[in-house]
Amino acid sequence: MAHAKTSYVCLPCRAAYKQPYDRGMQRVCPRCAQALIHVGSAFAAPRRRDTAAWRTLSVLLHAGVRFHKSCCGAPGYRPRTLSEVRERMTYARRSGEPFAQSLVRYEVPSAPPRH
């Protein structure tokens, strides 16, 4: 039985590749030979010219956010703009919530929680 393909990304080249998943194998970019980042099977790559979307994606990936399918088939909410990222990171700093958790929030509360 063939393995399902999943997405890998090269941030410097702004390129995405679908390849079979193999936990033990390190994938490299065919353009620049740098290591590819495994982003998950529910990933949809932005256009190569869309630098703002790639910067947003870079922040998400460096925070540890990935695009794996959940029980409903989608990875859940992911910010699409830098302003959404800034809003969630500001909330994380004020509330003490981890960045990765704040980044996948559908809505940001107007006031941080009290401890």
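Predicted model: local features only at pLDDT ≥ 70, side-chain atom pairs only at ≥ 80, totals over all residues.
View 1. Helices are DSSP runs of H or I with at least four residues, numbered from the N terminus. V85, R88, Y91, A92 and S95 are the buried residues of α2 (buried is under 20% relative accessible area, exposed over 50%, partly exposed in between, with a 1.4 Å probe and protein chains only). They lie on the same side of α2 because they cover an arc of only 130 degrees around the axis, taken from the directions from the helix axis to the C-beta atoms. R86, R93 and R94, on the other side of α2, are exposed.

**View 2. Packing of α1 on α2.** Helix α1 (residues 51–62) and helix α2 (residues 82–95) pack at about 30 degrees, with axes 9 Å apart (axes are lines fitted to C-alpha atoms over the stretch in contact, and angles run from 0 to 180 degrees between N-to-C directions). A52, R55, T56 and V59 of α1 meet L82, V85 and M89 of α2 (contact means heavy atoms within 4.5 Å).

**View 3. A63 in the loop between α1 and α2.** A63 touches A100 and L103, leaving aside residues up to four places away in sequence.

Residues are numbered from 1 along each chain as its sequence is written. Local features need pLDDT of at least 70 and side-chain atom pairs 80 or more, while totals for chains, interfaces and linings use all residues, and side-chain values use heavy atoms, without hydrogens and water.

How values were computed: Helix = DSSP H or I, 4+ residues; strand = E, 2+ residues; numbered from the N terminus.
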